[in-house]
Amino acid sequence: MASDPILFSIPEAFESRRLLIRAPILDDGIKVNEAIRESMEELIPWMPWAQTMPTLEESEANIRKARLKFLERSDMRLLILLKETGELIGSSGLHNIDWNIRRFEIGYWVRSSFGGQGYMTEAVEAILNFAIQELQANRVEIRCDSKNIRSYRVAERLGFTLEGIIRNDDLSVDGSLRDTMVFSKVRGVEF
């Protein structure tokens with residue numbers, strides 16, 4: 001692989017059994033906005049960006065910025081769609097990237113009507129495999145609020161190791177201090 005991440009040849013899409021997982025493209029803002037609108041109630045407690053409903057224009061601008069970051073390799077947002085219908089069921093990606101270490105953090109949210117069906121576990125497993133195989137990851141993390149049970153259950157189901165809970169690590173969306181759970185998989189140990 002080249003030494004400058006912008007030169008890396010990285011697939012923009014891959015699949016799991018039921019899902020197409022891909023980089024954002026122009027006009028995805030409409031699909032994302034629709035999914036956020038449906039899921040606001042479940043997103044508000046955990047996602048700082050979901051405190052107000054974005055306009056269609058804001059969602060499209062956000063998608064276009066995410067596309068640029070993907071191309072720069074500075075952040076790799078991925079959209080999760082049902083292969084069968086093309087319906088957007090959530091968003092994930094590889095964030096807080098350190099190319100020198102080959103460290104990535106997987107973040108995710110699922111559309112309310114698709115929760116509890118194993119889609120996010122399937123998507124995160126596929127993204128983990130993508131990071132390992134395509135990006136030669138040495139470390140993959142999942143970080144979440146210790147009160148976000150659904151989020152940390154995904155990490156547990158996929159065999160991530162809980163390295164610890166960082167107390168009073170961040171602010172919750174309501175401004176109170178929160179504890180952050182840090183899960184990881186590392187080369188030579190879990191893969």
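**Figure 1. Salt bridges in the predicted model.** The structure holds 12 salt bridges, a salt bridge being a side-chain nitrogen of Lys or Arg within 4 Å of a carboxyl oxygen of Asp or Glu. The model is predicted, so that local features need pLDDT of at least 70 and side-chain atom pairs count only at pLDDT 80 or more, whereas totals for chains, interfaces and linings use all residues. Residues are numbered from 1 along each chain as its sequence is written, and side-chain values use heavy atoms, with hydrogens and water left out.

**Figure 2. Close-up of the salt bridge between Asp28 and Arg22.** The N to O distance of this pair is 2.7 Å. Asp28 is buried at 3% relative accessibility, and Arg22 is likewise buried, at 12% (buried: under 20% relative accessible area; exposed: over 50%; partly exposed: in between; 1.4 Å probe, protein chains only).

**Figure 3. Close-up of Arg111 and its salt bridge with Glu34.** The closest N and O atoms lie 3.0 Å apart. Helices (H or I, at least four residues) and strands (E, at least two) are DSSP runs, numbered from the N terminus. Arg111 is buried, with a relative accessible area of 4%, while Glu34 is partly exposed at 45%.

**Figure 4. Close-up of the salt bridge between Glu38 and Arg111.** Here the closest N and O atoms are 2.9 Å apart. Glu38, in helix α1, and Arg111, in the loop between β5 and α3, are separated by 73 residues. Glu38 is partly exposed, at 34% relative accessibility.

**Figure 5. Close-up of a salt-bridge network.**
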